[in-house]
Amino acid sequence: MQRTMGKQAVEWLAAAAADPRTCKEQWDLGADAVLLEGGRLWDVVSVPEHLGLRALELLRHARSRATGPVLVNCGARRVGFFLPPDPAADWVGPGVRHVGRGSWVAVPPPHRSVGRRLEWLLPPDGTGALYSPRVVELALREAGGAVGARVRVSRP
């Protein structure tokens, strides 16, 4: 079962690549990460590590049990939440970055072992489950206190 989920996760992530076959081959050959464009299957909201880890803890204890992939860049000390693509999103806040169409993110394979520069805190499960932008926004606000109050996403 876990092996099947791992294969589904690889397929799901690779589907965001312009050439999914090449993406999977690079991971099979041991590439630490490949660059994938946001806005195809998902966007990523990247925040400073301390804020992202606190927000993730809040999300894990939330009643809604909403879940999605979460990536940490240990070198840059940033946490990225994978969200549905939204070209109209306008994320604002100290250190908040939005990766959407036209922006790229380095993505390790979902089976990446711990101890690398890029690690999955919550790897994709292959189902396409993503965090709701509103749920992440509220968790970031709560995690950041007064600073997080500036984190927002705008909808048309």
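Does glycine 102 count as buried or exposed, and at what relative accessibility? At 54% relative accessibility, glycine 102 counts as exposed, where exposed means over 50% relative accessible area, buried under 20%, and partly exposed in between, with a 1.4 Å probe and protein chains only. The model is a predicted one, in which local features need pLDDT of at least 70 and side-chain atom pairs count only at pLDDT 80 or more, while totals for chains, interfaces and linings use all residues. Residues are numbered from 1 along each chain as its sequence is written, and side-chain values use heavy atoms, leaving out hydrogens and water.

Glycine 102 sits in the loop between β5 and β6 (104-107); helices (H or I, at least four residues) and strands (E, at least two) are DSSP runs, numbered from the N terminus. Its contacts (heavy atoms within 4.5 Å) include Glu37 and Gly38, once residues up to four places away in sequence are set aside. Glutamate 37 is 65 residues from glycine 102 in sequence, yet the C-alpha atoms of the two lie 6.6 Å apart in space.

Now for the sheet. Five strands make up an open sheet in the order β5-β2-β4-β3-β7, with antiparallel pairing; two strands pair if DSSP finds at least two bridges between them. The edges belong to β5 (97-99) and β7 (118-122), and each has a single partner strand, so one side of each has no neighbour in the sheet. From one strand to the next, the twist averages 25°.

Strand β2 is mostly covered, with six of its six residues buried. Towards β4 it pairs in the antiparallel sense over six bridges, and proline 48 stands opposite arginine 78 in β4. With β5 it pairs, again antiparallel, over three bridges; here valine 44 stands opposite valine 99 in β5. Elsewhere in the sheet, β3 (residues 70-73) and β4 (residues 78-83) run antiparallel and are joined by four bridges, with valine 70 opposite phenylalanine 81 in β4.

Helix α3 (residues 49-61) packs on this sheet, touching β2 (43-48), β3, β4 and β7. Its direction makes about 45° with that of β4; axes are lines fitted to C-alpha atoms, for helices over the stretch in contact, and angles run from 0 to 180 degrees between N-to-C directions. The buried residues of α3 are Glu49, Leu51, Gly52, Ala55, Leu56, Leu58 and Leu59. As for length, the 13 residues of α3 should span 18 Å, and the end C-alpha atoms are 18 Å apart, which agrees; the expected span is 1.5 Å times one less than the number of residues.
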